[in-house]
Amino acid sequence: MAFTTFAALNFASMKRTKIKVLLHESEVGSSVVVKGWVRTKRASKNVTFINVNDGSTIHNIQGVVEAGIVSEDVLKKITTGASVALTGKLIESQGSGQRVELQVETATVLGEADPDEYPLQPKRHSLEFLREIAHLRPRTNTFSAIMRVRHALSFAVHKFFNDKGFVYMNTPIITASDAEGAGEMFHVTNFDLKNLPKTEEGEIDYSQDFFERETNLTVSGQLEGELGATALSEIYTFGPTFRAENSNTSRHLAEFWMIEPEMAFADLQDNMDVAEEFLKYVTQYALDNCKDDLEFLQKRLADEEKNKPQNERSDMSLIEKLEFVVNNEFKRVSYTEAIDILKNSKPNKKKKFNYLIEEWGADLQSEHERFLVEKHFGCPVILYDYPAKIKAFYMRLNEDGKTVRAMDILFPGIGEIVGGSQREERYDVLLEKMKQFDIPEEEMYWYLDTRKFGTVEHSGFGAGFERLVLFVTGMTNIRDVIPFPRTPGNAAF
Ligand code: 4AD
Ligand code: MG
């Protein structure tokens, strides 16, 4: 290492500092090491500017390389996407838009990125294009901002429940039950699919499978969560759930994360109170802790909306929308009231809805939910007391015998973000309901046992984590708020 100077040796033993710290905390004049990926390089006659990002913040640090400091050979390899280590002194910025910049003393290319092949250019790419290179998406401003907000929200989820004394419970990913009864499950098996063992009747013989029964990926941790709540009082789950529903919408994933609290000694009112407090808390947490990223995403959204016709543009900025949710009470409306509103609404009368609302008992589609939230009430809405027929078997039957203590929370731009209910805690009523819904009671004895031994009023809900991230980031397609979206036909990486 004949060319290594004393200064470089000194730097070699120094630790790198994250760019977020350099930009906000490190002292002007200090010697530092920066490591990250090159976003842009701009050269003039006497100086080269290198913008580097390491994912710790939306902002880049600008490295200033005076002529002759770094060899031409190294400078040539410093291209967009390459990973680099820069050493030098922090100086007050001359105009990079930041407090400080780096007066570069040494530069090392750690990993080259062939400019002819690297798919990301220093320009705006479409979200659709970026979905095709999801393995490189986090290198962009938009996705790194979303990933940091997603992280902050998930931390806030745990903090909210931990501070309230809930126990984080890990419910199984592989189950033998269909909690929602919708039959939209991915099978789990280690059978040789080309040679399936059959019973004498010619059916697949699951008794020879790994678990000696038919199993699938869970659609919800709720049923197991109820076992926890009826012992620990208050639990929550936060894990991946899987649904093989073939709905190619901007709101559905085949693999999504769900937060499911379950509370003993709690009725539907308590459930709504906790859900509303929860959504406000995590939104406020993002406002408090993700300012730079939210400001960036707010600008992105505003740019996107410029391409929309005037009447489809939002009159609030992203941060105003988040503040609105935090500062206003959610409107609580019964299903029956909602049906009346929808029946008499303009789009229903003018036959503008794809599904017209004709009578009580109709299932609500997202067009109806969004009408209520965005046009009629103009704020988040909690709908409750739905017809028993259109909701899951475990919801508590009301005295009227035809509605259940269900609640859905509907958000502007999103539709349903939370679904929950008070649970049927009466053994006989639950058993009867399971018969009506064709749920095999022998296989669900473990669930029924909670109603047999020390049963108790209890409630819970499920919040779709990606729908929450969608709302907070102002993104419009759910595929853009999870690192590796799983949708029909997509599981490449
Ligand atoms: O309304 P859902 O189906 O309710 C349940 O699964 C209950 N077991 C929850 C409970 O009471 N513990 O789903 C809950 C939420 C929805 O409101 C929605 O936000 C989200 O999960 N969700 C999805 N998110 C993304 N992709 C999908 N395919 C989703 N399906 C539901
Ligand atoms: Mg639902």
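Mentor: Let us begin with a term: a salt bridge is a side-chain nitrogen of Lys or Arg within 4 Å of a carboxyl oxygen of Asp or Glu. Please keep in mind that this is a predicted model.

Trainee: What makes the pair Lys 291 and Glu 295 a salt bridge?

Mentor: The closest N and O atoms of Lys 291 and Glu 295 are 3.1 Å apart. The cut-off is 4 Å, so the pair Lys 291 and Glu 295 qualifies as a salt bridge. Both residues lie in helix α8 (residues 291–306), four residues apart, about one turn of the helix.

Trainee: Why is Glu 295 called partly exposed?

Mentor: Its relative accessibility is 36%. Buried requires under 20% and exposed over 50%, with partly exposed in between; Glu 295 therefore counts as partly exposed.

Trainee: What makes Lys 452 and Asp 449 a salt bridge?

Mentor: Their closest N and O atoms are 3.8 Å apart, and the limit is 4 Å. The pair Lys 452 and Asp 449 therefore meets the definition. Helix α14 (residues 445–452) holds both residues, three residues apart, about one turn of the helix. Lys 452 has a relative accessible area of 48% and Asp 449 one of 26%, so both are partly exposed.

Trainee: Which parts of the chain does the salt bridge between Arg 423 and Glu 226 link?

Mentor: The side chains of Arg 423 and Glu 226 meet at 4.0 Å, N to O, in a salt bridge. This pair links distant parts of the chain, 197 residues apart. Arg 423 is in the loop between β15 (415–422) and α13 (427–436), whereas Glu 226 is in helix α6 (residues 222–232).

Trainee: Are Arg 423 and Glu 226 buried or exposed?

Mentor: Arg 423 has a relative accessible area of 2%, and Glu 226 has one of 0%. Buried means under 20%, so Arg 423 is buried and Glu 226 is buried.

Trainee: How many salt bridges does this rule give?

Mentor: The count comes to 27 salt bridges. Some residues are linked in a network of salt bridges, namely Arg 124, Lys 299, Asp 303 and Lys 306. The chain has 59 positive and 76 negative side chains, and the centres of the two sets lie 8 Å apart.

Trainee: What joins the side chains of Glu 101 and Gln 62?

Mentor: A polar contact of 3.3 Å joins them. The limit for such a contact is 3.5 Å, so the distance between Glu 101 and Gln 62 falls within it. Leaving aside neighbours within four places in sequence, Glu 101 is also in contact with residues including Ile 61, Val 64, Leu 90 and Ile 91.

Trainee: What makes the phi of Ser 233 and Phe 265 worth noting?

Mentor: Most residues other than glycine have a negative phi. Ser 233 has a positive phi of about 75 degrees although it is not a glycine, and Phe 265, likewise not a glycine, has a positive phi of about 60 degrees. Ser 233 lies in the loop between α6 and β10 (234–242), and Phe 265 lies in the loop between β11 (255–264) and α7 (268–289).

Trainee: Why is Phe 265 called exposed, and why is Ser 233 called partly exposed?

Mentor: Phe 265 has 58% relative accessibility, and exposed means over 50%, so Phe 265 counts as exposed. Ser 233 has a relative accessible area of 30%, which lies between the limits of 20% and 50%; Ser 233 is therefore partly exposed.

Trainee: Why does Arg 243 count as buried?

Mentor: Its relative accessibility is 18%, and buried means under 20%, so Arg 243 counts as buried. Arg 243 is found in the loop between β10 and β11. Among the residues that Arg 243 touches are Glu 180, Glu 184, Phe 186 and Met 258.

Trainee: How many of the residues in the chain count as buried?

Mentor: Of the 493 residues, 47% count as buried. The chain has 15 helices and 16 strands.

How values were computed:
Residues are numbered from 1 along each chain as its sequence is written. Chains are lettered from A and ligands numbered from 1 in the order in which they are written. This is a predicted model: local features need pLDDT of at least 70, side-chain atom pairs count only at pLDDT 80 or more; totals for chains, interfaces and linings use all residues. Side-chain values use heavy atoms; hydrogens and water are left out. A polar contact is a pair of N or O atoms within 3.5 Å; within protein, one must be able to donate a hydrogen and the other to accept it, and residues adjacent in sequence count only if both atoms are side-chain atoms. Contact means heavy atoms within 4.5 Å. Helices (H or I, at least four residues) and strands (E, at least two) are DSSP runs, numbered from the N terminus. Buried means under 20% relative accessible area, exposed over 50%, partly exposed in between (1.4 Å probe, protein chains only). Lys and Arg count as positive and Asp and Glu as negative; His and the chain ends are not counted. The place of a charge is taken as NZ of Lys, CZ of Arg, CG of Asp or CD of Glu.
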